[in-house]
Amino acid sequence: MTETLDLIVIGAGMAGINAAKKCSKAGWSVAIVDELPYGGTCALRGCDPKKMLRAGAEAVEAAQRLTGKGITGETRIDWPALMKHKESFTDPVPENMESGLKEAGVQTLHGRARFIAEDRIEIEGHGEIGFRHALIATGAKPRPLDFPGAEKLIDSTDFLNLAELPRRIVFVGGGYISFEFAHIAARAGAEVTILDRGARQLKMFDPDLVDMLIERSRAAGIEIIPEAAIERIEEAEGAHRVVYRKRDENHAIEADLFVHGAGRVPAIDHLDLAAAAIEPEQDGVKVTRWLQSPSNPRIFAAGDAAASPGKPLTPVAVFEGKIAASNMQKDKRTEPDYTGVPSVVFTIPELARVGLLEEEARERGEVDVSFTDTSGWFSQKRLGESHAGAKVITGKDGKVLGAHMFGPDYAELINVFSLAIKLGLTAAQVKSMPAAYPTGASDIGSMF
């Protein structure tokens, strides 16, 4: 292959697919390449399959909460059957994604790509391709860990494809992946431990609500050990053992499975960026505020592979991909607007956030903070939920600056606050919304 394209997209996740379709519809010659099945992390190895498995955990948890309140009998998870339920969604994704790209006029390629010049790449099995523009949208991968035995850890992709669930599981790291998967595994009957080297878990979320989540997690049978520095993972009789250091003492836990939940880094090492004069940073490809490489103007980056201000979230990848495509087409410098992007940890119940943390808001000036324990409210009472809370932050002008929520269905409710922050609404304007009753949204007025 020796052609020169208007655009080559590296990475067939949400950022890459949206950019490729947008440019192809504008009449550009476009190809997209990925060494993995099309669909990216969210659809195949992250958000969507995780929530498919969570559905089983939610059902078990709902029955347990209402035991003695009208529900009787044992509800349990059949892990292989739940995995097949997950596969009913994920299995068709790659073919559907590729078909959609082809229908949009995008050439679809498979194989590992690397830059060989400032305007050329090489794709295994396809040879060299020239380009006017390239978009790097290769996503992220698990952060390398350097303690002895780290190779015994499985990553999130492996966990989402487990044929059987082991009895004893240790999650390494105190972030999204560990907490979300721990809540699923615990409801499926596993003995679960989270080891985190930090004193505070889920640092991007409100600490008061994180404390509530940790208390709820422990009530669900999940052991959480903070300030635990892993020394090694070693062989043990019939299993493996993790040795960790806490308060200058060594401790050990035996388990059947160890899962990497210690963060992710941009998946750009294999691209040979230097060959194309592309500068990397710790957080990904170095880009301007409009997502263009300052060292090679032909190159743009979006999603988790870009060192942009955007959080590593699917909605961010989608709109960054679209904006990068538009800037390439029109030779413009439109900057993404990250205002009002919500983030959720899908534990049971879930922890949600949008806008500023309390400490961030106070640094900017005088604010009003309303923190409410909502565990006794009707919305939780009907479900038998023991833990729930909300914190809403407004400025002197009454505008909503941040919202933080922990409770059942609060992942949906956070979207109302997302819209309020995006549009610059005041607390009075949000409270004026006539919500259907009784619903979670009808609680909003009482959260200010």
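Helices α7 and α8 are roughly parallel to each other, because their angle falls under 35 degrees. The model is predicted: local features need pLDDT of at least 70, side-chain atom pairs count only at pLDDT 80 or more, and totals for chains, interfaces and linings use all residues. Residues are numbered from 1 along each chain as its sequence is written, and side-chain values use heavy atoms, with hydrogens and water left out.

**Helix pairs**

Helices (H or I, at least four residues) and strands (E, at least two) are DSSP runs numbered from the N terminus. Axes are lines fitted to C-alpha atoms, for helices over the stretch in contact, and angles run from 0 to 180 degrees between N-to-C directions.

| Pair | Axis distance | Angle |
|---|---|---|
| α7 (residues 176-187) and α8 (residues 207-219) | within 11 Å | roughly 25° |
| α1 (residues 14-25) and α9 (residues 314-330) | 7 Å | about 30° |
| α3 (residues 47-65) and α4 (residues 79-90) | within 9 Å | roughly 145° |

The crossing of α7 and α8 is left-handed, meaning that the near helix is turned anticlockwise from the far one by less than a right angle; clockwise gives a right-handed crossing. On the α7 side the contact (heavy atoms within 4.5 Å) involves Phe 179, His 183 and Arg 187, and on the α8 side Leu 213, Ile 214, Arg 216 and Ser 217. These contact residues comprise 3 nonpolar, 2 polar and 2 charged. Here Ala, Val, Leu, Ile, Met, Phe, Trp, Tyr, Cys and Pro count as nonpolar, Asp, Glu, Lys and Arg as charged, and the others, Gly among them, as polar.

Helices α1 and α9 are also roughly parallel to each other, and their crossing is right-handed. Residues of α1 in this contact include Met 14, Ala 15 and Lys 22, while those of α9 include Thr 314, Ala 317 and Gln 329. By class, the α1 and α9 contact has 7 nonpolar, 5 polar and 2 charged residues.

The crossing of α3 with α4 is right-handed. Among the residues that meet are Asp 48, Pro 49 and Met 52 in α3 and Trp 79, Leu 82 and Phe 89 in α4. This contact divides into 7 nonpolar, 4 polar and 2 charged residues.

**Domains and annotations**

An automatic or database domain assignment gives the bounds of domain 1 (4-142 + 265-330), domain 2 (150-262) and domain 3 (349-446). The C-alpha centres of domains 1 and 2 are 27 Å apart, and 18 residues of domain 1 contact 20 residues of domain 2.

An unreviewed UniProt entry annotates residues 6-321 as "domain: FAD/NAD(P)-binding". UniProt positions are in the numbering used here, feature names are shortened, and annotations may be inferred rather than shown by experiment. Residues 6-321 are 31% helix and 28% strand, with end C-alpha atoms 16 Å apart. The entry also annotates residues 341-442 as "domain: Pyridine nucleotide-disulphide oxidoreductase dimerisation". That span is 29% helix and 30% strand, and its end C-alpha atoms lie 22 Å apart.

**Backbone details**

Most residues other than glycine have a negative phi, and most peptide bonds are trans. The bond from Ile 348 to Pro 349 is cis, with omega near -5°; Pro 349 sits in the loop between β19 (343-345) and β20 (350-355). The bond from Tyr 437 to Pro 438 is cis, with omega near -5°, and Pro 438 is in the segment after α13 (427-431). Asp 248 has a positive phi, near 65°, in the loop between β12 (239-246) and β13 (249-255).

Key:
Parallel < 35°, antiparallel > 145°, perpendicular 65-115°, else oblique.
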